[in-house]
Amino acid sequence: MLGLIGKKVGMTQVFDAQGRLTPVTVIKIEGNVVVSDRNEEKNGYSAAVLGSIDKKKSTITKPYAGQFKEVCEPKQHVMEFRDYDREVAVGEVLGVDIFKDISFVDVTGTSKGKGFAGGMKRHGFKGGRATHGSKFHRDIGGTSMSSTPSRTFKGTRMAGHMGNERTTVQNLKVVRVDEEMQVLMVKGAIPGPAQSVVIVKKAIKK
């Protein structure tokens, strides 16, 4: 699985040769260093471990720094990519150019937290009518059965914490790959606020 660690810069728009406007999200790919590799003989599976963005020295512990010994400076974000589609060597720095021949990507990030939300906002419930003396407006209605089983089942859609979850958006079209600025532009929106860390992978369905 071909992939890199990136940082969401924000959204903008680009025009193509026909003058059509496309909304895009800009993803900055800071040098991804191959920290170590996993192989079938030693680990039982094949994978590449990538690290990105230098970690603040005052927050580094000796056990954490040990995995980067003789390879690079300790990195803030470390991610393992199973069955990497490209031959890589420990210490090699990967850039956005690995996506230049790829048309679609999947982007994984942590969605924006929206705090405690009601059923209508969180799950898109319709609610009740707004007129004719109705006392049922934004309630979620009944959540369980009567005397049997006389309780609410786990997983029932109700009010609660909304957002702040690991989310993947699939099949985003790659609009532009800027090797000079190490920037990837994909059509549409991706999870998380600006400056948040995201994982960009080659689309598994396209």
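**Charged residues and salt bridges in the predicted model**

D83 is placed in the loop that runs between strand 5 (75-82) and strand 6 (93-94), where helices (H or I, at least four residues) and strands (E, at least two) are DSSP runs numbered from the N terminus. The model is a predicted one, in which local features need pLDDT of at least 70 and side-chain atom pairs count only at pLDDT 80 or more, whereas totals for chains, interfaces and linings use all residues. Residues are numbered from 1 along each chain as its sequence is written, and side-chain values use heavy atoms, with hydrogens and water left out.

Together with E40, E41 and D85, D83 forms a negative surface patch. Such patches are made of residues with over 30% relative accessible area and no salt bridge, like charges being joined within 9 Å and nonpolar side chains (Val, Leu, Ile, Met, Phe, Trp, Tyr) within 5 Å. Asp and Glu count as negative and Lys and Arg as positive, while His and the chain ends are not counted; the place of a charge is taken as CG of Asp, CD of Glu, NZ of Lys or CZ of Arg. Accessible areas come from the Shrake-Rupley method with a 1.4 Å probe, and for residues only the protein chains shown count as cover.

The structure holds five salt bridges, each defined as a side-chain nitrogen of Lys or Arg within 4 Å of a carboxyl oxygen of Asp or Glu. Among them is the pair of D16 and R20, whose closest N and O atoms are 2.9 Å apart. D16 is partly exposed, at 30% relative accessibility, on a scale where buried means under 20% relative accessible area, exposed over 50%, and partly exposed in between (1.4 Å probe, protein chains only).

A further salt bridge joins D54 and K75, with 2.6 Å between the closest N and O atoms. Since D54 lies in strand 4 (residues 47-54) and K75 in strand 5, the pair ties together parts that are 21 residues apart in sequence. The two partners fall into separate classes of accessibility, D54 being partly exposed at 47% and K75 buried at 10%.

The side chains of R38 and E80 also meet in a salt bridge, at 3.3 Å from N to O. This pair links distant parts of the chain, R38 in strand 3 (residues 32-38) and E80 in strand 5, 42 residues apart. Both partners are partly exposed, R38 with a relative accessible area of 26% and E80 at 29% relative accessibility. Through salt bridges that share partners, R38, E80 and R82 are joined into one network.
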